[in-house]
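Work through the exercises below with the sequence and the model open. Try each task before reading its solution.

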Amino acid sequence: MSAESGMDFDRLPEGVELPPSNLPKSKHIMGIDLGTTYSCVSVVLDDFPKVIPSRKGLRTTPSIVALDEKGRLLVGEDARKQLLINPTNTIYGAKRFIGRHFYSEEVSVLAKYFSYQVVPIGDMAVGAKIGDRVFSLPQVSALILNELRRNVCEYLKENVTQAVVSVPAYYTENQREAVRQAGAIAGIDVVRIINEPTAAALAYGLNKDYDKKILVYDLGGGTFDASVLELFENVFRVIATGGDTFLGGVDFDDRVVQFILSEYERTTGEILQCDNVITQRLKDAAERAKIELSAKTHTTIDLPYITISHGKFKDFRTDLTREQFESLIEDLVDRASEVCMEVLDAANLSPDKLDSIILVGGQTRSPLVVERVTQVFGKAPTKGVHPDEAVACGAALMAHSLLSNKSVRLIDVLPMSIGGRQPDGAFKVLFEANSPLPAEREVGVTTTHDEQQAIEVFLYQGEAARCVENEFLGAFVITGFAKAPRGKIRLKVKLSLDSESILEVSAQAVDTGEPMHVQMVARSPVAAEDIGLEPTGPAPAGPPQLAPTATGKQRRFSGLRHFLRRISG
Ligand SMILES: Nc1ncnc2c1ncn2[C@@H]1O[C@H](COP(=O)(O)OP(=O)(O)OP(=O)(O)O)[C@@H](O)[C@H]1O
Ligand SMILES: [Mg+2]
């Protein structure tokens with residue numbers, strides 16, 4: 001319960017329609033692709049993954065939540081319909097915020113791009129405010145998960161309560177945890193979180209007896225993921241993964257919006273003044289033009305009554321050719337190629353060593369994407385997986401293999417380095433990016449002042465040299481040792497990441513092997529420091545000096561870094 005708003009963020013909000021309560025318990029586990037723009041759900045029936053349509057007969061559900069003018073809560077297609085007329089009361093793009101800190105650089109920049117209000121909940125969570133209601137991001141995602149579950153329950157006439165949910169391979173631990181939380185809020189037991197590219201690879205290669213190296217190129221609505229996997233007899237091993245959490249279809253749309261605005265100015269001599277509704281109309285027209293240009297070489301963007309000038313409604317209409325469009329988005333497609341190259345580099349592979357390139361995500365339908373992929377890899381991408389449905393189907397196949405004990409092995413890697421904070425704020429890498437999971441590390445820690453009774457270790461994730469520029473994961477406190485002069489207490493701390501990269505920590509005395517008490521604490525590091533200000537209070541108990549770990553080539557292609565480069569450039 002949040003004290004400041006008096007709202008309960010651990011439950012589905014009031015007014016949401018739940019699945020029918022009188023259905024028999026199901027044995028099925030759903031596979032869910034919780035997308036930035038669209039979500040999709042699939043269940044394996046008679047050994048085949050089936051996409052479950054919504055009640056409107058559509059195979060994907062917009063990841064949108066809204067309040068209508070009567071204050072009713074709308075989810076999915078209904079919410080999408082009112083995006084154009086009521087953008088300030090419509091939440092979309094929640095996947096870009098979930099699991100991030102309110103005071104992070106990404107959130108402050110992203111918030112400016114959305115028409116709904118982004119507000120803090122507690123000391124660091126992100127909330128979305130529409131009307132007079134505030135929803136936490138896990139709650140928003142829970143509403144979408146509930147909608148998908150409802151469709152499945154009604155379709156199967158069974159009460160399905162378990163799911164395998166996919167997330168971008170590039171998600172941090174905090175973001176994964178927030179998705180698990182969203183499942184719990186929706187009353188769904190998330191039996192496994194699976195990375196989107198791994199799910200797509202399953203849809204492509206399960207039970208096919210392949211012995212291949214593939215690259216999954218997933219360009220969706222908000223994010224780009226590239227992963228190299230090795231497929232061998234139902235073992236799916238991720239060799240390297242990378243991506244950009246700020247590269248997706250919405251960026252393509254933005255380019256078209258900029259084009260419309262500059263054409264408006266060029267042809268009318270005036271600047272189009274945009275409120276939220278006009279901005280949303282421009283985005284919508286831009287997306288429609290973009291989609292049309294995947295099938296045609298020319299389109300007309302029509303914006304009737306877009307503004308009022310000298311007391312009269314004014315229309316605007318402009319043409320856009322595929323060639324023009326491609327020159328607007330070329331650098332975005334090149335950026336995706338760059339990420340692929342970095343990932344191949346991390347995998348120690350040259351492009352010709354790949355057997356297949358799998359395209360996933362709606363935005364890969366743009367012909368320039370296919371063209372560039374063909375150029376970069378020297379071969380055309382493989383057809384045969386559905387770009388909108390492969391991830392959900394792969395998640396459903398994974399779910400089915402859990403149920404049927406079929407031997408499918410997923411071997412994943414850590415997408416971004418995890419490390420601890422040194423006393424001077426430097427980031428000490430403990431697990432390098434692309435370390436195969438599960439993984440284990442041991443570090444030595446010691447007390448830094450006399451009579452110290454607890455050692456606190458702060459963990460971060462990212463590729464920056466300073467902790468403040470990385471994502472704060474959490475802190476753990478080690479106690480259970482006697483008071484002693486500083487440096488006298490020497491402990492061995494073991495950190496293990498399981499196959500879903502859930503972290504466990506244990507500690508013992510180096511000399512005696514005596515186990516110590518370790519407690520994870522939810523407390524944030526000095527918040528002022530994290531937002532770049534000088535801390536005003538006393539410094540927190542000094543985190544220990546971490547013993548050196550194996551060094552290696554540090555891979556630096558975190559989404560945040562690219563993001564920062566983009567806003568500064
Ligand atoms: N025919 C098309 N041509 C070009 N782009 C398209 C086409 N159809 C859909 N898109 C774009 O694909 C994007 C949505 O793709 P998808 O549904 O795979 O994303 P998502 O799963 O919601 O996002 P993410 O995977 O980033 O979380 C949108 O930006 C949409 O405009
Ligand atoms: Mg997707």
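The exercises cover a ligand shell, one lysine and the confidence of the model.

This is a predicted model, in which local features need pLDDT of at least 70, side-chain atom pairs count only at pLDDT 80 or more, and totals for chains, interfaces and linings use all residues. Residues are numbered from 1 along each chain as its sequence is written, chains are lettered from A and ligands numbered from 1 in the order in which they are written, and side-chain values use heavy atoms, with hydrogens and water left out.

**Exercise 1.** Describe the residues that surround ligand 1.

*Solution.* 
- Step 1: Collect the residues with a heavy atom within 4 Å of the ligand. There are 19, and the closest are T36, T37, K95, E287 and S294.
- Step 2: Sort them by class. The shell has two nonpolar, 13 polar and four charged residues. Here Ala, Val, Leu, Ile, Met, Phe, Trp, Tyr, Cys and Pro count as nonpolar, Asp, Glu, Lys and Arg as charged, and the others, Gly among them, as polar.
- Step 3: Assign them to elements. Helices (H or I, at least four residues) and strands (E, at least two) are DSSP runs, numbered from the N terminus. Helix α7 (residues 276-295) gives the most, with four residues.

**Exercise 2.** Find polar atoms of T36, Y38 and Q363 that lie close to oxygen atoms of ligand 1.

*Solution.* 
- Step 1: Apply the polar contact cut-off, a pair of N or O atoms within 3.5 Å.
- Step 2: Take the side chain. A polar side-chain atom of T36 is 2.5 Å from a ligand oxygen.
- Step 3: Take the backbone. Y38 places a backbone N or O atom 2.8 Å from a ligand oxygen. For a polar backbone atom of Q363, the distance is 3.1 Å.
- Step 4: Check burial. Alone, ligand 1 exposes 650 Å², and the protein buries 92% of that (Shrake-Rupley method, 1.4 Å probe).

**Exercise 3.** Which residues does K212 contact beyond four places in sequence?

*Solution.* 
- Step 1: Locate K212 in strand β13 (residues 211-219).
- Step 2: List contacts (heavy atoms within 4.5 Å). They are Y204, L229, E230, L231, D355 and S356.
- Step 3: Pick out side-chain polar contacts; within protein, one atom must be able to donate a hydrogen and the other to accept it, and residues adjacent in sequence count only if both atoms are side-chain atoms. K212 meets Y204 at 2.5 Å and S356 at 3.1 Å.

**Exercise 4.** Where is confidence lowest, and where highest?

*Solution.* 
- Step 1: Start from the mean pLDDT (the predictor's confidence in each residue, from 0 to 100). The mean is 88, and 90% of residues reach 70 or more.
- Step 2: Helix α12 (residues 559-568) is lowest, at a mean of 26, and strand β1 (residues 29-33) highest, at 98.
- Step 3: Flag residues 525-569, where pLDDT stays under 50. Where pLDDT is low, predicted coordinates should not be read in detail.
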